[in-house]
Amino acid sequence: MTYFLSPGVHACLSGECLVFLDLKSDRYCSLRPSDTKQLCPLLHVRRDETDPCRSTSVVPDRETLALVHRLRERGLLACVGEQAGRIDADIETPSHDLLSDPAVPGPLASPRDFLNFFLASRQAKRMLEHCSMEEIVETVRTRKAAQPEARDHLETARLLVRIFNKLRPFHKRRYLCLFDSLALLEFLSRYRLYPTWVFGVTMFPFEAHCWIQGNGYVFNDRLDQVRHYSPILAV
């Protein structure tokens with residue numbers, strides 16, 4: 001029997017552990033290395049040639065079938081699916097970050113920038129308070145897909161990210177990667193820029209994180225920081 005990732009479920013390998021992200025419930029779930037090794041070959045997913053879970057055949061034992069049953073009860077796996085999911089988000093690995101740019105005087109924010117910053121921050125706050133993560137991700141995905149093919153706007157993005165960071169203290173809210181990334185996405189979209197929103201995880205201890213990237217650059221985090229995370233979802 002081959003199993004599919006359920007709609008709205010994403011997965012990645014973090015070390016030797018398989019991690020699931022269920023957008024419907026906004027929860028993460030991870031498996032032990034031994035369970036990962038048994039389960040991965042049963043999944044109908046697209047895999048790279050170097051994927052450690054690749055296997056030509058496997059006969060699941062009783063314990064593995066019990067694990068599959070539990071995962072199906074939680075809505076993470078299904079017996080049928082329309083297309084193969086993917087283990088690990090299919091994204092470009094960044095090589096630079098904008099926060100490491102040489103220190104230069106910050107750009108002046110125009111009245112339009114102030115307005116867009118506060119509208120974007122308010123929209124991000126409203127979405128996180130009133131929408132599910134599945135709805136938020138689908139909104140961002142649909143908006144991005146409706147745009148013409150992206151061109152290289154790195155210099156514009158560099159300028160706008162610096163303006164966003166300069167205005168960020170005006171929003172009296174402590175830093176939270178989810179809010180700040182969504183607010184930055186909303187801000188950039190008002191200038192017709194649509195970078196990639198990446199969610200990543202790491203194990204031992206388990207941590208989840210998200211950031212914005214594009215054109216080989218991380219926009220709102222340090223490269224050395226995001227390298228510790230295995231991407232599980234890219235929007």
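The largest cavity in this predicted model has a volume of about 40 Å³. A cavity is a set of points on a 1 Å grid over the protein atoms alone where a 1.4 Å probe fits but cannot get out. Its volume is the space filled by probe spheres set on the points.

Residues are numbered from 1 along each chain as its sequence is written. In this predicted model, totals for linings use all residues, while local features need pLDDT of at least 70.

**Exercise 1.** Find which residues line the largest cavity, and which element gives the largest share.

*Step 1.* List the lining residues, those with an atom within 4 Å of a point. They are V140, R143, K144, L185, S189, L193, Y194 and P195.

*Step 2.* Assign elements. α4 and α6 each give two or more residues to the lining. Helices here are DSSP runs (H or I, at least four residues). The largest share, three residues, comes from α4.

*Step 3.* Sort by class. Five are nonpolar, one is polar and two are charged.

**Exercise 2.** Work out which residues of α4 are buried, and where on the helix they lie.

*Step 1.* Place the helix. α4 covers residues 133–145 and reaches 18 Å from its first C-alpha to its last.

*Step 2.* Apply the cut-off for buried: under 20% relative accessible area with a 1.4 Å probe, protein chains only. M133, I136, V137 and V140 pass.

*Step 3.* Check the direction. These residues cover an arc of only 95° around the axis, so they sit on the same side of α4. An α-helix has 3.6 residues a turn, so residues three or four places apart point the same way.

*Step 4.* Name the cover. It includes α3 (111–130), α6 (177–189), β9 (196–202) and β12 (230–234).

Key
This is a predicted model: local features need pLDDT of at least 70, side-chain atom pairs count only at pLDDT 80 or more; totals for chains, interfaces and linings use all residues. Side-chain values use heavy atoms; hydrogens and water are left out. The expected span of a helix is 1.5 Å times one less than its number of residues. Buried means under 20% relative accessible area, exposed over 50%, partly exposed in between (1.4 Å probe, protein chains only). The arc is that of the directions from the helix axis to the C-beta atoms. Contact means heavy atoms within 4.5 Å. On a 1 Å grid over the protein atoms alone, a cavity is a set of points where a 1.4 Å probe fits but cannot get out, and a pocket is an open set with protein on both sides within 12 Å along at least five of seven lines; lining residues have an atom within 4 Å of a point. Ala, Val, Leu, Ile, Met, Phe, Trp, Tyr, Cys and Pro count as nonpolar, Asp, Glu, Lys and Arg as charged, and the others, Gly among them, as polar.
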